Amino acid sequence: MTRRLGLVLPILLIIGWEVAAIIVNNPFFLPKLETVIPVLISPFSDILGTGSLVQNALVSIERVVLGFALAAAVAIPLGIGMGRFAVLNDFFDTTIELLRPVPPLAWVPLALAWFKIGIVSIVFIIFIGAVFPILLNTVDGVRGVKNTWIEVSTTLGAKERQILTKVVLPGAAPTIWTGLRVGFGISWMCVVAAEILPGPTSGLGYLIMYAYNLGQINVIIAGIIVIGLIGLVIDQGFRAVEKRWFGWRGLER
Amino acid sequence: MKPVKIAATACIALALVIVLFTTGCTQPSSPSASTATPSAKGPVGSVEAAGVGPMPSLLATGQVDGYISWQPVVEAGVESNVGQVAVYSKDLPPAGEWSNHPQNVFVVRKDFYSQNPDFVNDFSALNLAATQYINDHPQESAGIVADWLAGKQNFTYGNVSVSSVTAVNNALPTIEFTNDPSDSWKSSTSDFVQALIGIGTINGFVKNSSDRDAVLYNFQPYQSAAAIIAAKSVTTPAPLQNTVNVGYLMAVDHSALFVAVKDWQYFNDTYGIALKPEDLSKAKPDVADFLVNGQKIATVNLVPANAGPNLMQLAATNSLQMSYVGVPPAISAIDMGTPITIAYPIDNLGSGLVVAKGAPVQDWQSFAAWAKERSDAGKPLVIAAPGKGSIQDVMLRYALQNSGIAITEVKV
């Protein structure tokens with residue numbers, strides 16, 4: 001039922017869009033649905049010589065997954081260390097808070113200079129976007145593990161390694177998962193920034209910027225819709241896992 | 001009315017159009033103060049647009065009264081029925097000043113040229129041959145360029161759908177494809193450098209040099225290339241060890257590259273020099289073999305970018321060894337100490353001033369009259385221009401000043 005309720009607003013927005021387009025009657029402000037739909041319903045045909053929507057989406061997904069996986073691989077171990085050991089936290093915290101507010105877009109010129117043209121600089125931009133939410137949530141999750149659980153396991157003779165793998169990690173997992181979910185959303189957002197970089201000739205972000213340079217508003221809107229839809233599907237996946245595996249958190253409270 | 005406005009505003013945000021609004025005109029500026037006339041009748045506002053793509057949209061939504069840009073955005077404004085060409089850049093005043101104005105050039109890293117002079121010369125010969133081909137076969141070239149830039153698909157502007165082949169076909173004759181660093185080209189470029197110094201966008205090596213030509217140019221590749229083309233024979237150089245990266249923009253101006261790559265067989269057969277795509281099925285090849293007399297000399301990566309400064313940054317870090325690029329980013333890069341040199345022009349002209357459809361404008365004189373009339377009425381014209389210091393921005397400033405019209409930058 002809730003899912004059906006969630007569909008009401010998007011449908012209203014689409015109707016509102018078409019009505020507004022008819023009233024405004026200026027396709028430069030707002031193109032009618034009719035000009036965007038052809039782009040969307042033929043996802044396998046070429047757009048402006050950049051490849052099809054599906055091809056572009058796959059390229060972007062691959063880049064996002066790479067950057068996101070790298071961010072998770074760095075942020076989760078670091079976050080566990082920082083959450084568990086105060087000295088690590090004190091060592092890293094200031095630097096992280098210094099770097100965290102810098103928008104991924106600001107790194108674009110440096111990424112180009114450091115990592116040259118190609119996949120590495122693109123993955124770097126996505127990595128920057130995803131790493132901080134995952135890291136902060138991991139630290140939070142580890143700190144949030146109940147002291148009594150750790151104390152009990154210590155009393156029962158658990159070693160540090162056992163405490164980490166059997167108590168801290170499972171206890172922090174729901175919060176870490178939330179971090180991953182937020183991080184993935186942000187890496188998906190960063191794909192446009194990352195694909196502005198010279199070199200790529202495909203990707204949804206590239207497609208949007210390329211259409212922008214040619215003033216093709218219908219293609220831009222189609223790109224936005226596809227990015228949104230893919231983000232939605234992936235987020236539903238994250239939520240499903242959350243519900244299936246981490247439902248216990250609700251009971252715990 | 002109000003909900004319409006709200007809807008429209010929301011839609012602009014949706015459509016990613018960067019809106020530059022026109023409140024608080026400040027800071028009057030003129031290209032070179034020495035010739036500013038006191039008879040300025042009133043201001044024209046100039047709006048700096050982020051890229052030229054959205055300019056027809058800005059015009060169609062009444063946010064600007066006109067724009068000055070490069071191709072194919074000039075033709076796009078006409079074909080989408082929102083604008084009309086007031087004047088092409090070659091006819092902008094002062095009379096004759098811009099009749100051969102620089103637009104794009106080919107730059108080469110100095111260290112790369114000194115290590116691989118034969119490769120650069122042969123590559124340049126291919127550029128010269130491709131330029132000639134565009135001039136001899138404009139129709140066929142338009143098809144190749146439209147295929148590279150838009151997969152030969154239609155451009156949609158508002159309610160109007162235009163074939164990209166038609167758009168490129170209309171744009172090509174307004175561009176002068178030439179590689180000759182003629183005296184008039186040099187003098188026009190030198191005036192442009194002077195204007196950039198006046199605006200303050202360059203103040204390094206170029207400005208401070210006593211011999212600017214030596215800092216900016218090295219026409220040796222052009223001369224060697226011209227000799228190769230004239231002889232119709234080329235000696236095979238030693239193969240290069242490393243891959244060569246060549247930058248370009250997705251622009252009609254860089255048609256020579258597109259034609260050279262897509263028609264590689266012709267150039268291979270006619271001149272013995274070719275850029276053969278490694279994957280012949282690709283619409284926009286990104287890797288090509290550089291062939292001389294049928295022998296592979298180097299692997300060439302073709303690196304597209306959406307702005308010249310990006311390319312120049314890559315050249316600075318040796319990520320690119322050669323590049324097709326607009327003349328302003330090339331000059332700025334050299335001014336900042338990037339170890340590159342301008343080897344020859346790629347194209348000249350190809351810009352235009354577009355005004356709203358139905359405006360009382362047929363040429364520059366009537367545009368100037370319209371500007372004065374609107375200014376007197378308290379509604380000064382607002383014209384969008386690509387970034388400050390672009391050749392289009394400089395030409396507009398010169399022309400307005402020449403007609404005794406002041407220009408203010410609209411601060412956003």
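Visitor: Let me start with a detail: which residue follows α8(B), and is its phi positive or negative?
Guide: That's G200(B), and its phi is positive, near 95 degrees. Keep in mind that this is a predicted model.

Visitor: Which of the residues in α8(B) are buried?
Guide: W185(B), S188(B), T189(B), F192(B), V193(B), A195(B) and L196(B). They cover an arc of only 160 degrees around the axis, so they sit on the same side of α8(B).

Visitor: Why would residues a few places apart point the same way?
Guide: An α-helix has 3.6 residues a turn, so residues three or four places apart point the same way.

Visitor: What covers the buried residues of α8(B)?
Guide: The cover includes strands β5 (102-109) and β14 (340-349) of chain B. It also includes the helices α9 (205-208), α10 (212-216), α15 (327-335) and α17 of chain B.

Visitor: And which exposed residues are on the face turned away?
Guide: D183(B) and S187(B) are the exposed residues carried there.

Visitor: Zooming out, how many helices and strands does chain B have?
Guide: Chain B has 17 helices and 17 strands. Of its 412 residues, 53% count as buried. If you take contacts between residues at least 6 apart in sequence, 76% join residues at least 24 apart.

Visitor: How is chain B split into domains?
Guide: The domain assignment gives two: domain 1 is 2-99 + 351-410, and domain 2 is 102-349. Between them, 26 residues of domain 1 of chain B are in contact with 26 residues of domain 2 of chain B.

Visitor: Which elements give two or more residues to the domain 1 side?
Guide: Those are α2 (55-60), α3 (73-79), β15 (351-356) and α17 (391-402) of chain B. By class, that side has 12 nonpolar, 9 polar and 5 charged residues.

Visitor: What pLDDT does chain B average?
Guide: It averages 85, and 88% of the residues score at least 70. Over residues 1-42 of chain B, though, pLDDT stays under 50. The model still has 76 contacts beyond four places in sequence for that stretch. As for the complex, the predictor gives an ipTM of 0.72 and a pTM of 0.81.

Visitor: Switching to chain A, how many helices and strands are there?
Guide: Chain A has 11 helices and 0 strands. The C-alpha atoms fill a box of roughly 70 × 50 × 30 Å along the principal axes, and 42% of the 253 residues of chain A count as buried.

Visitor: Which helix there is mostly covered?
Guide: α9(A) is, with 9 of its 10 residues buried. Among the buried ones are L204(A), Y206(A), I208(A) and Y212(A).

Visitor: What do the buried residues of α9(A) pack against?
Guide: They pack against α3 (53-84), α8 and α10 of chain A. After the helix comes G215(A), with a positive phi near 70 degrees.

Visitor: Is T201(A) buried or exposed?
Guide: T201(A) counts as buried because 20 other C-beta atoms lie within 10 Å, and the cut-off for buried is 20 or more.

Visitor: Which residues does T201(A) touch?
Guide: Leaving out residues up to four places away in sequence, T201(A) touches T50(A) and Y206(A), plus K284(B), D286(B) and P304(B) from chain B.

Note on methods. Residues numbered from 1 in each chain as written. Chains lettered and ligands numbered in written order. Predicted model: local features only at pLDDT ≥ 70, side-chain atom pairs only at ≥ 80, totals over all residues. Domains from an automatic or database assignment. Contact = placed C-beta atoms within 7 Å. Helix = DSSP H or I, 4+ residues; strand = E, 2+ residues; numbered from the N terminus. Nonpolar A, V, L, I, M, F, W, Y, C, P; charged D, E, K, R; others polar. Buried ≥ 20, exposed ≤ 12 C-beta atoms within 10 Å, placed from the backbone. Arc of directions from axis to C-beta. pLDDT = per-residue confidence, 0-100.
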